[in-house]
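Colleague: I would like to go through this chain with you, one question at a time. Please keep the terms plain.

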Amino acid sequence: MAIAKAERLMNLALCLLGTRRPLTKRELRSSIEAYIEASSDDSFNRMFERDKDDLRELGLVIATVEGIDGDIGYLARRDSNRLPPITLDAEEAAALGLAAKIWQQARLAGAASGALQKLRAAGMPLAADGADYDAGQPHSALEPRIPAHEAAFEPLMLACRDRRPVVFDYRKSTAAHPEQRQVEPWILECWRGHWYVAGWDRDRKAERVFRLSRITGKVRSRQGKFTATVPDHVTVRETVESWAGETATGTARIKLRAEHGYPLRARALTVRDLGDGWDELEIPNGHGLDAWLVEFGPDVVVLEPAELRADVIDRLRAVAKG
């Protein structure tokens, strides 16, 4: 559905940019396949008005002209929609090349490769050392990547971009069965190798953060606009950071099996050898730490605080119940 809409918007934009005179709704409907297939005039009118608003929101300047016979026509004059030349210095071009390489999803790989080719054609340097960033070319020894294996990633990415509400089934770590959530997604963020979506939970009427790996089934789009104001990007990042357990509010003591749990050891404030194959660690304690500790299974035992120990036990029991 999202691909069909993007294709429809592109066709409409090309029609409006390619005409020398204003085109009426009737002419546009007979020129664009999606409009031809509209079931009724009302359906076409609603679709056209939404598409026109979306193109204007994307920055296309669409003029409305009334003809001699009273018909309303539309066109996008090229002089009003011409972008100024884009110039990048070596550092900016290298940053774009690196960003294009980070993404490994198939949907983005083609667009990223095409953008890099255009930069090269314009004579832009893509890296100070001349390294090749195209797909299929040799990689450097160290290369940043952002994996996104969850099926929910792509539909949520599109929903965030298009500002569309979604519905999905979500299983909390302490629950045996998933619950349906109606969410207005704001942004996707990656923390500790896990993807989270932040947004407005319509049922709870509050801001919430959901881990994509706990979304079960398909993410389904819903009609209508967002009902809550979308905060700025920095505020959302801080919210995800807090929910993902990055903001420490204290410390916790845990027992960790020797030669295990290296991510925990990297965050440890102190490490003490207890003997018998166990170490005692003091680590930062914040929201979400209980969920993280559960992932290490029998290799971790929480000593204190008692609240954290109880939360970890509850999560383990929920997992055991299936």
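Modeller: A salt bridge here is a side-chain nitrogen of Lys or Arg within 4 Å of a carboxyl oxygen of Asp or Glu. The model is a predicted one, where local features need pLDDT of at least 70, side-chain atom pairs count only at pLDDT 80 or more, and totals for chains, interfaces and linings use all residues. Residues are numbered from 1 along each chain as its sequence is written, and side-chain values use heavy atoms, with hydrogens and water left out.

Colleague: How many salt bridges does the structure hold?

Modeller: Side chains of opposite charge can pair when their charged atoms come close. With the 4 Å limit between nitrogen and carboxyl oxygen, the number of salt bridges in the structure is 19.

Colleague: How many helices and strands does the chain have?

Modeller: Both are DSSP runs numbered from the N terminus: helices are H or I with at least four residues, strands are E with at least two. Counted that way, the chain has twelve strands, and its helices number eleven.

Colleague: Which helices do Glu49 and Lys25 lie in?

Modeller: The side chains of these two, Glu49 and Lys25, form a salt bridge at 3.1 Å, N to O. The pair ties together parts that are 24 residues apart in sequence, because Glu49 lies in helix α4 (residues 41-57) and Lys25 in helix α2 (residues 25-29). The helices asked for are α4 for Glu49 and α2 for Lys25.

Colleague: Is Glu280 buried or exposed?

Modeller: Buried means under 20% relative accessible area, exposed over 50%, and partly exposed in between, with a 1.4 Å probe and protein chains only. Glu280 has 15% relative accessibility, so the word for Glu280 is buried.

Colleague: Which strand holds Arg253, the salt-bridge partner of Glu280?

Modeller: Glu280 and Arg253 meet through their side chains at 3.0 Å, N to O. Glu280 lies in strand β11 (residues 278-286) and Arg253 in strand β9 (residues 248-257), so the bridge joins parts 27 residues apart in sequence. Arg253 counts as partly exposed, at 27% relative accessibility. The strand that holds Arg253 is β9.

Colleague: Which Arg with 49% relative accessibility meets Glu280 in a salt bridge?

Modeller: This salt bridge to Glu280 has an N to O distance of 3.0 Å.

Colleague: Which residues are linked with Glu179 in a network of salt bridges?

Modeller: The network contains Asp201 as well as Glu179, and two Arg residues. The residues linked with Glu179 are Asp201, Arg181 and Arg204.

Colleague: In the open sheet of three strands, which strands stand at the edges?

Modeller: Two strands pair if DSSP finds at least two bridges between them. The order is β1-β3-β2, with antiparallel pairing; β2 and β3 (residues 72-75) pair over four bridges, and Glu66 stands opposite Ile72 in β3. Each edge strand has a single partner, so one side of each is left without a neighbour in the sheet. The edge strands are β1 (23-24) and β2 (63-66).

Colleague: What type of ring pair do Tyr35 and Phe48 make?

Modeller: Rings of Phe, Tyr and Trp (its six-membered ring) pair if their centres lie within 6.5 Å; planes under 30 degrees apart count as stacked, over 60 as edge-to-face and the rest as tilted. The count comes to nine aromatic pairs. For Tyr35 and Phe48 the centres are 6.3 Å apart and the planes are at 80°, so the pair is edge-to-face.

Colleague: Which residues form a cluster with Phe48 through ring pairs?

Modeller: Phe48 and Tyr74 have ring centres 5.3 Å apart and planes at 65°, so they too are edge-to-face. That pair links helix α4 to strand β3, 26 residues apart. Phe48 counts as buried at 1% relative accessibility, and Tyr74 counts as buried at 8%. The residues in the cluster with Phe48 are Tyr35, Phe44 and Tyr74.

Colleague: Over the face of which residue does Lys255 lie?

Modeller: A charge sits over a ring if NZ of Lys or CZ of Arg is within 6 Å of the ring centre and within 35 degrees of the ring normal. Lys255 is at 5.0 Å from the ring centre, and the residue is Trp278.
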